[in-house]
Amino acid sequence: MSEFVYLYRITEAARREAMGTPERAQQSMQRWLAWMQQLESKGHLKDRGQPLELGGKVVRGTQKTVTDGPYAEAKDLVAGFTIIQARDVNEAVELSRACPILDGGGSVEVRPVMKVNP
Amino acid sequence: MDLNEHLFRHESSRMVAALTRIFGVHNLALAEDVVQDAFCRALEVWKVRGVPENPSAWLMLTAKNRAIDIVRRERTARTFAPELSRALDAEWAIAPVVDAAFAAHTIRDEQLRMMFSCCHPQLKEDVQVALILNILCGFGAHEISSAFLAGRAAIEKRIARGKKVLASAKRLFDLADAEFIARLSVVRRALYLLFNEGYHGASAESAVRVELCREAIRLTVLLLDYPPAATPETHALAALMCLHAARIPARIDASGDLSPLLDQDRSRWDAQLVTQGLDHLDRSASGREMTAYHIEAAIAATHAAARRVDETDWAAIVALYDRLMGIASSPIVALNRAIAIGERDNAERGLDALGAIADRDRLDRYPFYPAAMGELELRRGNRDAARAHFSAALALARNATERRFLTKRLDTCNLS
């Protein structure tokens, strides 16, 4: 078993669309809970991860300039992450296909956790 | 922890009530934004952390904190609720004032005020109902349009028109207003229409329609919770809703087909709703006035009292329909009266009564008028006439369930 990080990326507009009416919010939530539960029941869930605020600060360059960001209008903001276990990257990708973020125009980035002692 | 099926819809209504209490109804859109924000946060957090022990409290707290932020940041640039403008002037008072707006009894009162405001006499009844569904039941335009067989754009327009009137009023209806009793009757009428849309409406999605009935009952119970609104007439309305809703489980038979009142398996009626309905009917009897709601509830109670269809007291039912015609005549009432006469006397008398309905042309597109003719013709052995009526009814069917039902009736004419 290897570990993978799912990085959830979404735009603010897509997120608001997915949660736009109470009924849609309910459906989005239920789909997420079901998906997470499925990962967990099959033993793939290593760490549920943390949700991230969509805004913050960016510190950049040798000048260490601080700017606001990432901006809410920006595409593909990282909205959170989860750590899962899978046989290989193919299985990790396969599992991610059922992620509800995909229905709302977001994406899941599947990144293998680097093995320190391969 | 599982999510309550209606958590987001019902919490949306409660949060909007508390937030408009703080922001003022002219900032309804801001209140709705805050609610949506709370939902977005809930999704992000709950999906990884799981649903909290008390999800409603979690949502409320999120909305409350956001409200405090907004008031703190924008109180110089924006005017909030006129009732609270003074209190919100002092920095130290913001948190307690916001807290108070989220107290359970305040939310209840604000929901009532919102309901009364949605029933502004300047708004047409269809707008009132759409507003109630949107703001107090948390349905989006899409869900409302599927329940009403209307286009989404038309419903959106209806809601926008209503919200404009709401916002221009500056403040919500005051429950201590001298107009209270007059407005209460408009509110009851809107809830009655909401219930009927669910019970008799044309939408094929029975799940959507059951939801409308449930919401109408929920809001009527909310009215009854407030003593000045708990008049005999409101109890009569609750009675008629409960007694009709009790039949919902039996309206679709085991094979998924429509089952008319006379054929229903009465053991599938919801006994609890029947009891609640009869209880409301008792309480409705204290006044002097006999309203249309009283009579409709009494008719439903007479049906509920018959354990088998042949125990039905049709004479009593016809007498009640006669009274109903006296105060609230309509072609639909006349149609039901004619059916009852057919049961009390015989098919001929029923057909006579059907033929004598005054503004019968208003039933031109209603499939159950020709269907009633078909039933009675069939009963007196006039198969050809029955077939013609059922064919006419089938051509008017509004959804697949009605089509299936009428096709079956048509087949019966061809049997034996």
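Arg41(B) pairs up with Glu53(A) in a salt bridge, with the closest N and O atoms 2.5 Å apart; the term covers a side-chain nitrogen of Lys or Arg within 4 Å of a carboxyl oxygen of Asp or Glu. Keep in mind that this is a predicted model, where local features need pLDDT of at least 70, side-chain atom pairs count only at pLDDT 80 or more, and totals for chains, interfaces and linings use all residues. Residues are numbered from 1 along each chain as its sequence is written, chains are lettered from A in the order in which they are written, and side-chain values use heavy atoms, leaving out hydrogens and water.

**Where A meets B**
- Between chain A and chain B there are 2 salt bridges.
- The contact (heavy atoms within 4.5 Å) takes in 23 residues of chain A and 28 residues of chain B.

**Nonpolar cores**
- The largest core has 130 residues, and Phe23(B) is among those with the most contacts inside it; a core joins buried (under 20% relative accessible area, 1.4 Å probe, protein chains only) Ala, Val, Leu, Ile, Met, Phe, Trp, Tyr and Cys residues through side-chain atoms within 4.5 Å.
- Helix α2 (residues 28-49) of chain B gives the most to this core, at 12 residues.
- Leaving aside residues up to four places away in sequence, Phe23(B) touches residues including Leu30(B), Val34(B), Ile70(B) and Phe80(B).
- A second, separate core of 26 residues includes Ile317(B) and Leu335(B).

How values were computed. Buried < 20%, exposed > 50% of the residue type's maximum accessible area, 1.4 Å probe, protein only. Helix = DSSP H or I, 4+ residues; strand = E, 2+ residues; numbered from the N terminus.
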